Amino acid sequence: MSRCAAALAVTFVLTAGIGAVHAVPGHAADPPSSAELTTNTRLPDRRSVVIGDRFYSVSTEDGLYPAMGWHTLGEMGGFWTPPLKLLDGVWFGLDGAWLGKQAPAQRFTAGHGYTKIRYAAPDGVRVERTDVAPDGVRAGLIGLTLTSGTSRTVRLDLDAHSELMTAYPWGSTTPDQQASNLPDTGAYQNGALVFREQGTPKVPNATRHDFAAMVAADRTPAAHQLGPGHRGPQDPPVICPATGTTPKRCDDSAFGRGTGGRLSYEVKVPAGHGTTVWIAIAGSDHGTSEARAALGTALRDPAGLLARKIAARRAVAGDTVVDLPGDRLLQQSVEWSKQNLADSVQEARDLKLRVTEEGTRYPSPKGTLARARWIGAGWPDYPWIFGTDGEFTAFATVAAGQFDPIENHLRTLRDVSDTVNDRSGKVVHEVVSDGSVYFGANDEAGNTDETAKFPSAVALVWRWTGDRSFLNDMYGFSVRNMRYIVTKLDSDGDGWPEGLGNVERPGMGVEKLDNTVYTIRGLYDLADMARAKGDSATAKWATGHADWMTKRFDQAWWYGGDTNQFADSLDDPANPANDNTKIFQRHWIGVTPMDAELVRPGQVTRPLSTDEHAGAALAKREEPCYTGANGLYHTGTGPTSADGGNKGPSCDSAVSSVQSDREAFTINTGIMAVAEGNFGRLAQQRRYTDANARLQLDPALWEMPGAMPEIAPSPDFDPPNIDRKLTERSMVLQAWGAYGNLWPVVHQQLGVSPDMGRGRLEVVPQVPAGQSRVAARDIRLGDGAVDVTAEAGKGSLRTVVNSRTGAALLIGQVLPSGATVASVTLDGRSAAYTVRRTARGSEVVTDAGSHRGASVLVITLH
């Protein structure tokens with residue numbers, strides 16, 4: 001085994017059972033025991049993603065490359081350097097036995113920044129494969145470590161099949177990929193397979209392009225072949241049709257116009273010592289020169305690039321290191337969610353910003369963007385730029401200490417939106433990695449919620465980073481966001497914004513609950529930033545409008561009766577404007593009034609909903625009509641006038657116009673977890689944090705170990721992903737699900753609430769009932785960090801904050817229900833304190849000053 005491969009020999013197992021592998025102790029230099037998760041069941045049915053910021057690959061966990069994904073049917077897997085697909089796949093044969101077929105995969109391991117596959121030993125040669133996508137390079141690496149008990153020379157065949165194809169158009173757009181995808185050519189040059197696609201597609205406003213992909217190893221091949229096939233054991237291919245019913249498993253699609261090649265190597269394997277063969281896949285949408293440079297960078301020191309990737313992921317793991325003795329499942333979920341977020345960072349260059357009007361046009365670009373970095377929404381079908389996804393994910397990224405990715409994401413959204421929407425303030429919804437704007441231009445409906453949420457995301461990042469330059473850069477756009485909503489999206493003048501929101505189902509009114517909630521929060525957050533900027537006029541306007549909406553909110557939106565819920569929307573579309581009919585359909589957006597916290601001057605931060613309504617609404621959502629084994633349903637069950645009748649238990653007597661949807665999306669479950677925490681309901685919160693955590697960590701539920709998926713196995717998402725066709729699945733990795741574990745732990749259980757732009761910090765933890773301690777170290781704030789430990793004992797509470805920020809610290813803890821304060825000491829001395837009533841309960845707080853170092857608060861209880 002090679003030096004780098006040996007450094008990875010650590011395996012973590014959550015639970016015993018089928019597929020479990022026992023932990024292997026590691027040395028100090030090894031990754032921590034949680035840095036790997038391993039499975040050995042149904043590997044051909046599981047998807048794997050290996051992601052760098054400029055390159056990623058999607059395969060199955062046996063190392064094969066069947067057709068997968070649906071945006072361009074069957075073409076979303078393989079090897080990509082955004083915005084360009086390079087290859088359908090690569091395949092490896094050892095003395096005629098194809099890995100993954102004649103030599104089956106026995107074990108798949110997901111690590112922090114890499115994956116590994118162990119194969120059955122063909123003719124006594126053991127093979128372990130390591131995949132890594134180095135950051136900053138338009139190339140990926142595969143290391144095959146061969147080990148034998150006897151000295152021998154083996155023949156290693158490498159098949160590669162190209163598919164040079166842009167991320168957009170898709171299979172169903174106008175034009176589609178059949179019109180825009182040109183035939184590839186193949187060649188052999190200097191030990192490498194070289195694939196190219198050159199020309200001008202016969203579609204309106206297309207320009208000439210020169211796409212290139214290269215494949216080579218760290219040694220000279222003994223032979224090579226070129227030809228139309230070369231898919232290893234997937235030749236001859238089963239083809240997915242462009243339309244109609246697809247086979248259970250395909251190898252290529254009707255959109256494919258690639259070609260293939262083979263490189264063959266004679267590899268000497270000494271007895272008892274591993275030999276690693278490194279293979280690189282590289283490419284560019286700017287011709288062979290850039291592709292060749294990337295290939296050379298990857299092969300110059302592949303082991304070093306792997307080591308650097310592991311070191312970078314150790315650094316990711318080193319921020320927000322949580323210790324949750326009472327909930328180790330959630331602790332591990334936090335660790336893997338930090339890695340999921342780091343995986344999701346993407347970059348593309350020379351984007352052509354083209355307004356496609358939901359895929360119906362292909363006009364000339366309205367502008368260009370030289371460089372974009374963003375947090376990809378999900379793999380394999382949504383790895384590009386979204387407004388609402390990034391805005392939810394912002395809360396997870398700041399809690400994880402990953403400041404740069406979210407700042408870059410928001411800047412990219414701003415830059416694209418200002419260009420295509422003429423600085424109107426409207427935020428685009430979806431932007432493909434080539435710059436194609438699928439939805440969200442001025443003359444389209446767009447999603448109101450993502451324009452409303454944008455100022456809140458900016459304010460959030462500013463509070464955690466204290467980055468004044470970021471605030472200055474984003475402030476003008478944030479002002480335009482809220483001005484756009486108030487002046488353009490409230491035609492009846494009732495204050496409730498119109499437009500599409502997170503849920504669009506038949507029968508909804510033009511005014512949506514989530515849009516209203518996030519508009520109120522966005523106005524308050526804009527006012528907060530305006531005060532920091534000295535913009536008193538904007539602060540006054542935004543605060544006044546938000547106050548007006550807030551005072552009228554409950555009366556306008558509480559549905560009441562036995563539903564104990566808020567209405568999903570207002571204004572029956574069948575009636576004229578100014579009809580404020582409440583429409584109740586049981587969608588997950590009913591939780592948003594408890595999710596969104598409002599920051600107002602001189603007031604304790606709290607959610608929009610009253611305590612009374614929140615208690616009733618959250619308790620109802622916990623019932624089986626809304627929540628299943630794996631999380632919160634998209635749309636709850638109950639009486640309905642829709643075709644098909646009710647599909648589950650009824651928790652109220654209201655008749656909805658839509659059918660229930662018992663799919664548990666991880667973002668919905670995450671929002672429910674946050675909402676429970678906002679009201680101090682941590683025992684109830686655990687049901688939802690654990691539901692998402694199990695999807696990453698329970699071998700019975702995960703598809704890719706450690707990856708937060710888009711949708712959990714649930715009654716109306718049946719069969720689950722692993723039992724579906726690879727062309728009909730939801731995302732195996734979805735970034736925004738991390739909102740539901742990182743934010744509850746850091747902001748709610750540990751109580752970290754910074755205002756670094758003003759040099760202030762509150763740390764007021766709440767230890768979950770039945771637990772005695774929660775802690776974390778190295779929570780990044782501004783240019784420093786804090787460590788927090790909160791303990792709840794019999795008769796006392798203890799909070800320890802070690803601050804390396806210099807911020808003025810308000811330290812405290814939430815009292816257990818029914819407890820009262822006997823005394824408070826700070827650093828061993830009696831201290832003045834305040835008991836303040838909040839949505840979380842009674843908080844005991846005291847001023848610890850601005851010093852760096854440890855502050856120890858002890859609260860003695862009656």
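Arg 780 counts as partly exposed because its relative accessibility is 29% (buried means under 20% relative accessible area, exposed over 50%, partly exposed in between, with a 1.4 Å probe and protein chains only). The model is predicted, so local features need pLDDT of at least 70 and side-chain atom pairs count only at pLDDT 80 or more, while totals for chains, interfaces and linings use all residues. Residues are numbered from 1 along each chain as its sequence is written, and side-chain values use heavy atoms, with hydrogens and water left out.

**Exercise 1.** Describe the surroundings of Arg 780.

*Solution.* Begin with the strand: Arg 780 lies in β39, residues 773-781 (strands are DSSP runs of E with at least two residues, helices runs of H or I with at least four, numbered from the N terminus). Next, leaving aside neighbours within four places in sequence, list the contacts of Arg 780, which are Asp 319, Gly 401, Phe 403, Trp 464 and Ala 785 (contact means heavy atoms within 4.5 Å). Finally, look at Gly 401, whose backbone oxygen lies 2.7 Å from a polar atom of the Arg 780 side chain.

**Exercise 2.** Find which residues of α15 and α16 make the contact between these helices, and sort them by class.

*Solution.* First locate helix α15 at residues 682-697 and helix α16 at residues 739-749. From α15, the contact uses Leu 682, Gln 685, Thr 689 and Gln 696, and from α16 it uses Gly 740, Asn 741, Pro 744, Gln 748 and Gln 749. Sorted by class, these give two nonpolar, seven polar and no charged residues (Ala, Val, Leu, Ile, Met, Phe, Trp, Tyr, Cys and Pro count as nonpolar, Asp, Glu, Lys and Arg as charged, and the others, Gly among them, as polar).

Notes:
A polar contact is a pair of N or O atoms within 3.5 Å; within protein, one must be able to donate a hydrogen and the other to accept it, and residues adjacent in sequence count only if both atoms are side-chain atoms. Axes are lines fitted to C-alpha atoms, for helices over the stretch in contact, and angles run from 0 to 180 degrees between N-to-C directions.
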